[in-house]
Amino acid sequence: MDPITTTDALAAACERLARHPFVTVDTEFLRETTFWPKLCVVQLASVEEAIVVDALADGLDLTPFYQLMADTGIMKVFHAGRQDIEIIWHQARLIPHPVFDTQVAAMVLGYGDSISYDQLVQRVCGHAIDKSSRFTDWSRRPLSPAQLVYAVTDVTHLRDIYQKLTADLDARGRSEWVGEEMHVLTSPATYDQNPDTAWERLKSRVRKPRELAVLVEVAAWREREAQSRDQPRGRIIKDDVIGEIAVQTPQTPEKLAELRSLPKGFERSRYGEAVIEAVKRGLARDPRSLPRIEREKALPNGASATMELLKVLLRMTAEQNAVAAKVIATTDDLERIAVDDAADVQALKGWRRELFGERALALKAGRIALAVEKGRVVLVERDAPPTT
């Protein structure tokens, strides 16, 4: 198969694909040396054909592809599609809708937490994927025959997986469950790269308001610099260095030079000067303007034991219903439910509440109990809540 390299050929192909109720989508990109992903290849398939688009071909305009992604009458099918959708959002400022993510659907159907594409192909289609082309340089031209085969099979297997999973979802009454999960994938906020919130990605444990203020300002400076220069964040300055700067708050080149995590001479560079200015901006901020940080709190007496029971209940519920535990409730959900029956968590909303949340509250109230029968955990109805 030859890749599509002209706008006319792409437009004709997208017109054919648009006649079908769904298309499967995948992309190949590079991001090792850039902030923004460099789109190299686009793969698309309907039930009748599959195409590979050379996104780097001279003179190629990807507008027909983006128009196809914007067509709300066509379901766009991805596997773990967040990065693919991020590329479309960055390049065309649109988010495909509606979308279907086979990784999410697989979790809802009990294939496990965050199952990989090749594992899903093996389990659903019975085929083993040749992964040798996965990490090749997709920016080199011409594309090799092996790369083209790999690119095509990505979307043709995805087509078969989609049809199998949607049939299973319909049969088990879980189609709406997946639909609820797609809201995150189709929200522009998911792909927001706002420098002012860049500090939230960092794992630094700042404790004082002045440290937080410096962390916010230095992280925002790095984010703007990385975006404008199209370089990875770590090429500008590493995460752990930002945390150290937030704690030490160096306001002079001499103080900056004392940080062992910075390369020698950094304090005299343009970056060094910018970091010092960011530190000063942070220290000058009104503490009332700072974002609130949720501090980790120790669970009240008895809540830890309750949480352990909720974990057992979650595992049992996941196994009984063939749903990945991860998609039903998170550890944070369980902690908050252990403390508060009205906790504002996903596990107490929608289908999750019906499947797990109501049981969790009943367990807390003593209306049900957990027991072991023939080596398996089971629920036991109680006539009345226990007395204290």
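Among contacts in the protein chain between residues at least 6 apart in sequence, what percentage join residues at least 24 apart? The share is 62%, where a contact means heavy atoms within 4.5 Å. The model is predicted, so local features need pLDDT of at least 70 and side-chain atom pairs count only at pLDDT 80 or more, while totals for chains, interfaces and linings use all residues. Residues are numbered from 1 along each chain as its sequence is written, and side-chain values use heavy atoms, with hydrogens and water left out.

The overall picture comes next. The protein chain holds 16 helices and 7 strands; these are DSSP runs numbered from the N terminus, with H or I over at least four residues for helices and E over at least two for strands. Its C-alpha trace spans about 75 × 65 × 35 Å along the principal axes. Of the 388 residues in the protein chain, 47% are buried. Here buried means under 20% relative accessible area, exposed means over 50%, and partly exposed lies in between, with a 1.4 Å probe and protein chains only. The accessible surface of the protein chain comes to about 20,600 Å², and carbon and sulfur atoms account for 48% of that surface. These areas come from the Shrake-Rupley method with a 1.4 Å probe, and for residues only the protein chains shown count as cover.

The buried residues of α2 are P64, F65, Y66, L68 and M69. Their cover includes helices α1 (7-17) and α3 together with strands β1 (22-30), β2 (38-45) and β4 (75-78). Leaving aside neighbours within four places in sequence, Q83 touches F29 and R31. Between Q83 and D26 there are 57 residues in sequence, yet their C-alpha atoms are 9.8 Å apart in space.

In what follows, axes are lines fitted to C-alpha atoms, for helices over the stretch in contact, and angles run from 0 to 180 degrees between N-to-C directions. Helix α5 (residues 117-125) packs against helix α6 (residues 145-171) at an angle of about 55 degrees, with the axes 10 Å apart. α5 and α6 are therefore oblique to each other; angles under 35 degrees count as roughly parallel, over 145 as roughly antiparallel, 65 to 115 as roughly perpendicular, and the rest as oblique. Their crossing is left-handed, a label used if the near helix is turned anticlockwise from the far one by less than a right angle, whereas clockwise makes a crossing right-handed. Residues making this contact include Y117, L120 and V121 of α5 and L158, I161 and L165 of α6. By class, the residues of this contact divide into 9 nonpolar, 2 polar and 3 charged. Ala, Val, Leu, Ile, Met, Phe, Trp, Tyr, Cys and Pro count as nonpolar, Asp, Glu, Lys and Arg as charged, and the others, Gly among them, as polar.

The other two pairs share helix α13 (residues 303-321). α13 and helix α15 (residues 331-339) pack at an angle of about 130 degrees, their axes being 9 Å apart. This pair is therefore oblique as well, and α13 passes α15 in a right-handed crossing. Among the residues in contact are A303, M307 and L310 of α13 and L334, I337 and A338 of α15. This contact has 8 nonpolar, 2 polar and 2 charged residues. On meeting helix α16 (residues 350-365), α13 crosses at roughly 145 degrees, and the two axes come within 10 Å. The crossing of α13 and α16 is right-handed. L309, L313 and M316 of α13 and L355, F356 and L363 of α16 are among the residues involved. The contact of α13 with α16 divides into 9 nonpolar, 4 polar and 2 charged residues.

Most residues other than glycine have a negative phi, and most peptide bonds are trans. A cis peptide bond joins H97 and P98, with omega about -5 degrees, and P98 lies in the loop between α3 and β5 (99-101). Another cis peptide bond joins R141 and P142, with omega about 5 degrees; P142 sits in the loop between α5 and α6. A322, although not a glycine, has a positive phi of about 55 degrees. This residue belongs to the loop between α13 and α14 (325-328). K374 is not a glycine either, and has a positive phi of about 55 degrees. K374 is found in the loop between β6 (368-373) and β7 (376-381), where its relative accessible area of 87% makes it exposed.
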